[in-house]
Structure formats: structure tokens, C-alpha cells
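Visitor: Hello! Could you walk me through this protein, one question at a time?

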Amino acid sequence: MSLAIVASRAVAGLDAPPVRVEVHLAPGLPLFTIVGLPDTGVRESRERVRAALVNSGYVFPPGRVTVNLAPADLHKESGRFDLPIAIGILLASGQLVEHPDRRIEHFVLAGELSLTGALSPVAAALPIALAVARSQPAAILILPAGCAAQGSRVPGLTVLAAPDLAAVTVHLSGGLNLPHAQMMSCRSEMPDQPAWPCLSDVRGQPAARRALEVAAAGGHHLLLSGAPGSGKSMLAQRLPGILPRLSAEEALEVAAIACLQGDERAAWDACRPFRAPHHGTTPVAMAGGGAGPRPGEVSLAHRGVLFLDELPEFRREVLEMLREPLETGTIQIARARAKVSYPAAFQLVAAMNPCPCGGGLHCLCTPEQRQRYRSRISGPLLDRFDLLQAMPSQDAEWLALPAGEASRCVAERVLSCRNRQTARQGCSNAMLSAGRIESLCPLQASAQSMLRQAMQRWRWSARAVHRVLRVARTVADLEGRSQIDDTHLAEAIRYRRPLASADAIGS
Ligand SMILES: [Zn+2]
């Protein structure tokens, strides 16, 4: 046979579309070419494959070796095609003869070769395994031993761990079996679930604690405003600890994103991510992209919390970029040759000072200065926060206050409230579509007139009204009520007052 076809995978966003690695040998002057839009990484693969074959005791075929990576329009970075190319060359040149029970078409291969023939781990092992399990569940995935454990987390998929090129050829020819990738052996080295700090550390601030619980219970976006030291970040850091645990499917998705970022530790634990990028962060770091490309903060926070401290200090373009993922739960990144998209369904929690000096007792800022400071956050972004909560400065007496309720207790209420929402509508209240709000959030006549007054007073858009109704639904659900009554709606309206009036009342 002078032609061989080996299956591999490219990576596009969180997906890993199939790639056919075709190897053709022909007589002629020695020439080794790889076609199919390869970038530098793939061109370097030529040298690695040649050396790995020779150093593993095989003969690099004389004559013309042509490798085609198809389809041609997929972006194929990284050395993960080394292994399928080398196996293709061995098959095409007759140096490897498959065992009848181990035909190459049953396998998907990915791995970067070192010059000695050893296999180095590839990025995106988990996204590749997820994609293979989806589209070719019967296929056997061969990965480098260093990253095969990640792939083995996907239920139902057979993943074999290969130390080097020779071990793969021995396996395919019916000799010594490659071992199944072991998730457990690796897991023992991984840290336990990080324990989130407990809400009992937060003394006082009953209104803000309540807002945090409502935000957690319905998946709503929260903006905290208060002077430095009022406990905004302390509160925000405790949100993941009261959110429901990730389902197995969600945990895999979160781990796959962490895996693309090369964060092996984060890829292993099953808790909700908490990302707190600095206000100096760049648009690329926030949205994702760059060479690679890599997911940004909005995707690393997927199914978890994105916390932006000192919100007005973030670059305008960084803040404006948040609008797309907040609306759609995904982010599109335009690249030179293609567009990739990553999931980015995060819960946004932000904190800001009430004024440029930080506020507090010694503030001398004028109302104009305060207004200018707040206006750094555009109306459309501000509109996307469901709850605006002011946190008053605490006087020295707070030390004498009793410890707050523990996260464990709050998390129980949040979980039963979420279960209620899932049973009723299959999603959290924050995800309710505008079309379903009317039927799921009915108001009595008195509540309707209360809402109308608030709409007129603060000139709320339809979007703002929908957000108020979703929050009111959550407040009623926390009480286990199917009807939204006046007190539930009043609380939801209170969370949406403009911050200027909230500050006045809060301090
Ligand atoms: Zn001030």
C-alpha cells in the first residue's frame, strides 16, 4: 500500500472537528511535503516525524512523501498531527501491518512526537475526547500518556495511553496492548475541591447578603456599590460557595475550557469557576483570542462567576465587549482565517466605589463628580445588572456583631429554589425568555400598578421591566410561593433603583 488514511482532530473553539491525515508515497527525488493550510507548527512537524521514525528504528521512505490534512479550510495548529502522520507513513511504506482486529479506521490519533519518538501531551485532550465521543462513540482514541487521563473522563469512550511511537505501532500490529488511560491514578495527585470562604465571615450588611442570596438563587447579575472596606469583594468571593454544584456534564464542559487554556489543575475539579480579572485587563485577555487561540476570562468563567472589582476602572472597550456574552452566553472571536466561538455563560458580579475618591465619611466629591464617575459605565451595560445593591460603610461596631449565617445554610435554600425553577421551566429565572415571562410571572392588580409607577418614575425600558419580573419571580420562589405578591415585587424594584438613589438610602 502506498496510500494510508489516519483519523485525527483539529480544534476550533471548544469543538474538535475531524481531520483526515492522508499519506501518499511515490517514487522520485526525496521530498517530504505537508499540504492543507498548515502553519509553522505543522511544518516543524516534518522534522520531528522524520527524526522520530529514524530514532524509533524505522526507515524514512526514500522518494516523495506527501501528507494532506483534510479538510483544508480548518485551522490546524500545534504538533498533534505528528503521531497520525508518522503512523500513516509506516502504514503506507508497509513497515506497519495492522492486525485484522485493529484496523486503523477504528482509531483516532493525536500526539506530538519528540525527536526520540516519545509522545508529548497535547493541548485540548479533553475537547478532542468529547468531540470523538459525540460523533464517533465507537472509535478508540489514542493519546499521549501525559494527557490521556484527561480524555478518559468522558464516559463511554475508550482512551488508550501511549508513551511513544513504537508502543502505538506494536498495539496496531496486534502485539502488546496499550494500557487504558486511568483517570483514578491521576486524580489522587489532584487537590480536593477548594473550600470556598464561608459567608459566616461577613458580619453585618444584611441587605447585601440578601441581594447575594437572591442573585445566587436565580442566577442574576449583581452590582455592589460601596466605599472601600465595606466588604464588596469579600461578599462576591463567597458567591460560588452558595451556588449549586455543577452537574457531571457541566463539569466536563468547564474542564474542557480550562484544558484549552492549559490549566491542568482547574481542569480537574468540579467546582464552579470564579474569575476575577484585574481592571487593567486587555480586550484579548477578557474575550479570548491571540495566537492559539485561547479562551478569555468570559469563557473561563463559564457556568461560574465573573467578578469585576472597581468596574468603572476597566477599559471601555473591555466593558462593552461583555454585552455579547451577557446576551447570548457565547463569544465569537474573529481570526485571520476563521471565526471561533467559545461558551461564555457566566454570572456577572461587579463592585464599584460610589465616587472617584472611594467614598466614605471624608468624601468631598460633588454630585457632578459622582455622576461623571458612574457614567463611565454605559447605560446598556448597567441595564444588564438585575440587582444594584449599595453597601453602607460599617462603623467600628461591626466587630461586635454576631457571625453571619454560614454558606452551607444559604446554599440549601439556593438549591431548593433552583430545583423549583428547573421543575417549572427547565432553566433558571435569569434565563427565562421574554416570551415566557408573562405566563410565569403573573402579577395581581396592586402589583401591576406598583410596577407601572416605578416604570414611569425611572423611565425603565422593556428590558429593565423584564429583569425586575425575573428577580421578583426568584424572590417569590425563595419563599416557595407560586404567586408573586406585592412584597416580592417591591423587593425586586428596590434592587433596580438607580444607584444614585440607592446610595442616598444606603448611606
Ligand atoms: Zn468621594
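Guide: Gladly! Two strands pair if DSSP finds at least two bridges between them, and helices (H or I, at least four residues) and strands (E, at least two) are DSSP runs numbered from the N terminus. This is a predicted model, where local features need pLDDT of at least 70, side-chain atom pairs count only at pLDDT 80 or more, and totals for chains, interfaces and linings use all residues. Residues are numbered from 1 along each chain as its sequence is written, and side-chain values use heavy atoms, with hydrogens and water left out.

Visitor: Which residue is the bridge partner of Ser225 in strand 17?

Guide: Strand 10 (residues 222-226) and strand 17 run parallel, joined by four bridges. The partner of Ser225 in one of these strands, strand 17, is Met352.

Visitor: And which residue in strand 17 is the bridge partner of Val305?

Guide: Strand 14 (residues 305-308) also runs parallel to strand 17, and four bridges join them. For Val305, the partner in strand 17 is Gln347.

Visitor: How many residues of strand 17 are buried?

Guide: Buried means under 20% relative accessible area, exposed over 50%, and partly exposed in between (1.4 Å probe, protein chains only). Gln347, Val349 and Ala351 point one way from strand 17, while Leu348, Ala350 and Met352 point the other way, and all are buried. For strand 17 (residues 347-352), the count is six of six.

Visitor: What about helix 5: how many of its residues are buried?

Guide: Helix 5 spans residues 165-172 and is mostly covered. Its buried residues are Leu165, Ala167, Val168, Thr169, His171 and Leu172.

Visitor: Which residue just after helix 5 takes a positive phi?

Guide: Look just past the end of helix 5 for a phi of about 95°. The residue with that angle is Gly174.

Visitor: Why does Glu317 count as partly exposed?

Guide: Glu317 sits in helix 13 (residues 316-320). Its C-alpha atom is 8.9 Å from that of Thr282, 35 residues apart along the chain. Glu317 is partly exposed because its relative accessible area is 47%.

Visitor: What is the geometry of the zinc ion's site?

Guide: Donors are N, O and S atoms within 2.8 Å of the metal (3.2 Å for Na, K and Ca). Here they are the SG atoms of Cys355, Cys357, Cys363 and Cys365, 2.1 to 2.3 Å from the zinc ion. Four donors count as tetrahedral if all angles lie between 85 and 135 degrees. The angles among these four donor atoms are 104 to 113°, so the site is tetrahedral.

Definitions and conventions
Tetrahedral: all angles 85-135°; square planar, octahedral: opposite > 155°, others 65-115°.
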